[in-house]
Amino acid sequence: MTGSRDLTAQIESLINRLRRRQVVGSWSVSLETALLFRQVVSVTRWSQVGTLIKLVKDVGRRLVMAQPRELAVGNIVRRVLRLIRDVYNSEVSSNSVKSVPQKGGRLYELQSYGGSNSFMEILNFLTHSFSHLKPSIISELQEMINELENMYVNIADQAMEHIHSNEIIMTVGKSRTVEMFLKAAAKKRKFSVVVAETSPTYLGHEMALSLSQAGIDTTVISDSAIFAVMSRVNKVIMGTHAVLANGGLISVSGAQMVATAAKHHSTPVVVCTGLYKLSPLYPYDEDSFNDMVAPDSVMRFDEGDLIDKVTLINPYYDYVSPELVSLFITNTGGHPPSYLYRLIDENYDPEDTDI
Amino acid sequence: MSEELSINDTEQFDIVTCYQKFLKDSPDMSMPIAAIESLVELIKHSKATTLSEFMESLKDASQKLKSSVRNSISLSAGADLFLRFVTRTSHDVTNFEACKVHLINSGKVLVEKATAVRHKIAEIGTILIHSYSRVVMLLLQQAAARKKRFKSTKILRKAGIPATVILDTAVGYIIDKVDAVFVGAEGVVENGGLINAIGTYQVAVVAKAANKPLYAVIESYKFVRLFPLNQYDLPTHTPDLLTFPDLESPRYLSNNDESEDDDVENFEASNPTVDYTPPDYITLLCTDLGVLTPSGILLKRQ
């Protein structure tokens with residue numbers, strides 16, 4: 001009983017911290033979400049897989065609602081759901097019972113039209129006791145958490161394949177993934193990095209400082225110089241906030257300008273991202289993923305008469321269309337944008353796209 | 001003797017008439033579904049005694065069906081889907097009679113499910129359309145099917161959706177006012193491209209040039225096993241379709257000046273009914289299996 005009360009408190013705490021933006025950045029959000037779900041699966045009592053899935057969906061929905069712009073929360077919830085389904089399916093098929101009909105899967109998987117009644121399968125899925133699956137679900141969850149913890153190292157390990165000696169690389173914003181990626185390459189290769197300062201957050205300054213401290217030849221440029229400098233750049237390497245199902249990015253404001261300039265100069269754009277940032281959602285309306293933040297950093301309130309004569313907006317993110325991206329470097333290797341459908345199919349169940 | 005009789009019996013049942021009857025009786029039924037229904041009817045009437053004879057009669061019938069219509073693409077998607085299913089099932093079931101019963105029953109299930117598919121797509125579509133503040137539908141019309149184009153406007157008006165009819169040639173003019181382009185399809189090919197009524201390709205090219213998203217809405221039973229490399233790779237590209245039916249009719253000629261009369265003889269007339277839209281022009285495909293990118297089609301086809 002105390003266990004479940006603790007759990008409720010933990011869920012509430014994460015929801016509140018998400019709301020108050022006390023936990024920010026897709027990686028820490030993902031990790032916290034994954035840890036919470038490990039707790040949910042182990043503390044709660046359930047005997048049917050259907051109950052567990054419903055429970056995870058309920059908690060997941062509340063987390064997503066708490067911070068809808070943080071797509072990573074939804075991604076982790078979907079990963080957990082998929083993982084539960086997979087454990088259940090492998091258990092069931094090893095017992096030579098018919099597997100759960102995948103509603104979102106192939107409708108015309110014609111062989112499943114065999115004599116057995118699909119109603120019975122669903123009944124079995126909902127009522128049969130599967131509480132003995134708990135340990136294997138938890139161990140799978142643990143594996144996912146380990147994967148999250150080793151994310152940066154796995155991506156950085158591929159740096160030598162992509163960065164060559166004497167290359168000039170441009171980056172924008174501050175991304176821990178890109179930072180570690182570049183530093184890993186700097187251990188063996190000599191190259192220079194051009195960092196766009198990324199106003200109005202000026203995260204580029206922090207990025208440049210961190211890179212130069214690691215002994216990388218770093219140049220900071222103003223955002224308006226991006227196009228001019230692009231002709232000298234060999235490769236653009238950037239991070240992202242989220243990757244959408246069509247291969248588009250939700251990235252730091254200014255990323256689209258970099259990507260478009262790169263396209264004009266036929267410079268490859270490489271995006272370093274963990275798979276937890278890959279979302280099965282499509283950008284029907286690009287603006288719906290954006291956030292407008294306080295315009296204070298664009299123009300301060302005490303900056304004269306102008307302030308009440310103009311409208312100031314400060315979008316936090318940029319949508320970068322998939323045509324502008326050449327390659328994604330993920331913790332499972334490099335993939336072109338057109339391949340993402342496969343990764344989505346491997347990691348998420350179509351039934352869970354709407355949580 | 002008995003074998004001959006059975007063949008005769010099968011022939012008494014005319015698959016083409018049956019197919020046309022299905023289409024006539026329910027105008028909402030799409031061609032692939034009608035094809036599957038007619039093949040199921042055929043199985044009911046079939047007196048074949050051996051499996052290979054049975055398979056042969058099915059193949060013949062589907063061939064006959066395909067050659068009976070001018071444009072067989074969507075029809076063959078349905079027929080091939082069912083034939084693949086029959087081939088797989090026939091290996092599983094040992095008793096021939098049981099196999100036939102099983103096929104008839106599962107054919108019915110297949111048709112039921114396929115009919116339900118449209119509602120499922122509509123659910124996805126609702127989400128898609130909701131996300132727009134204003135949706136202007138670009139109606140596809142074909143010069144060849146004038147009746148059809150006015151029909152779709154009428155249907156939309158009835159549903160309370162403001163609709164505008166434009167000429168095919170005015171697509172470029174109107175595209176700036178359009179938020180998104182929605183098209184249906186006769187078939188989706190292996191690489192995610194579309195086969196649809198003539199004019200779709202040029203609308204797609206215009207949409208791409210104007211940076212407007214083009215969404216295709218299709219049922220998954222319309223996935224066809226074709227890999228066209230260009231427009232002329234389609235099975236409908238037959239000489240028969242390359243003539244204007246009424247170009248040389250007296251009515252047409254009498255409406256023209258004498259000087260043009262001579263020219264008509266020298267024209268090489270071309271009047272195809274469908275064209276192929278390459279996957280590069282398609283933003284997303286809305287199917288009953290979910291929303292897919294053109295490259296995602298590969299994974300979902302069977």
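Let me start in chain B, with the hairpin of β2(B) and β3(B), where 5 residues lie between the strands and B:G192 takes a positive phi near 95°. Please keep in mind throughout that what we are looking at is a predicted model.

Three strands, in the order β5-β6-β8 of chain A, form an open sheet with antiparallel pairing. Its edge strands are β5, residues 242-243, and β8, residues 317-320, each of which pairs on one side only. Between β6(A), residues 249-252, and β8(A) the antiparallel pairing runs over 4 bridges, and A:I250 stands opposite A:Y319 in β8(A). Packed on this sheet is helix α12 of chain A, residues 255-264, which touches both β6 and β8 of chain A and whose direction makes about 30° with that of β8(A).

Is A:V194 buried or exposed? A:V194 counts as buried because 23 other C-beta atoms lie within 10 Å, where the cut-off for a buried residue is 20 or more. Leaving aside neighbours within four places in sequence, A:V194 is in contact with A:I168, A:M170, A:T219, A:I221, A:V229 and A:V233. As for A:A214, which is 20 residues away from A:V194 along the chain, the C-alpha atoms of the two are separated by 15 Å.

Finally, the nonpolar core. Which residues have the most contacts inside the largest nonpolar core? That core has 147 residues, and those with the most contacts inside it are A:V56, A:I84, A:F181 and A:V258. The largest share of this core, 12 residues, is contributed by helix α4 of chain A, which spans residues 71-94. If we take A:V56 and again set aside neighbours within four places in sequence, A:V56 is in contact with A:F37, A:V40, A:V77, A:V80, A:L81 and A:I84.

Key: Residues numbered from 1 in each chain as written. Chains lettered and ligands numbered in written order. Predicted model: local features only at pLDDT ≥ 70, side-chain atom pairs only at ≥ 80, totals over all residues. Pairing = 2+ DSSP bridges. Helix = DSSP H or I, 4+ residues; strand = E, 2+ residues; numbered from the N terminus. Contact = placed C-beta atoms within 7 Å. Axes fitted to C-alpha atoms, helices over the stretch in contact; angles between N-to-C directions. Buried ≥ 20, exposed ≤ 12 C-beta atoms within 10 Å, placed from the backbone. Core = buried A, V, L, I, M, F, W, Y, C linked by C-beta atoms within 7 Å.
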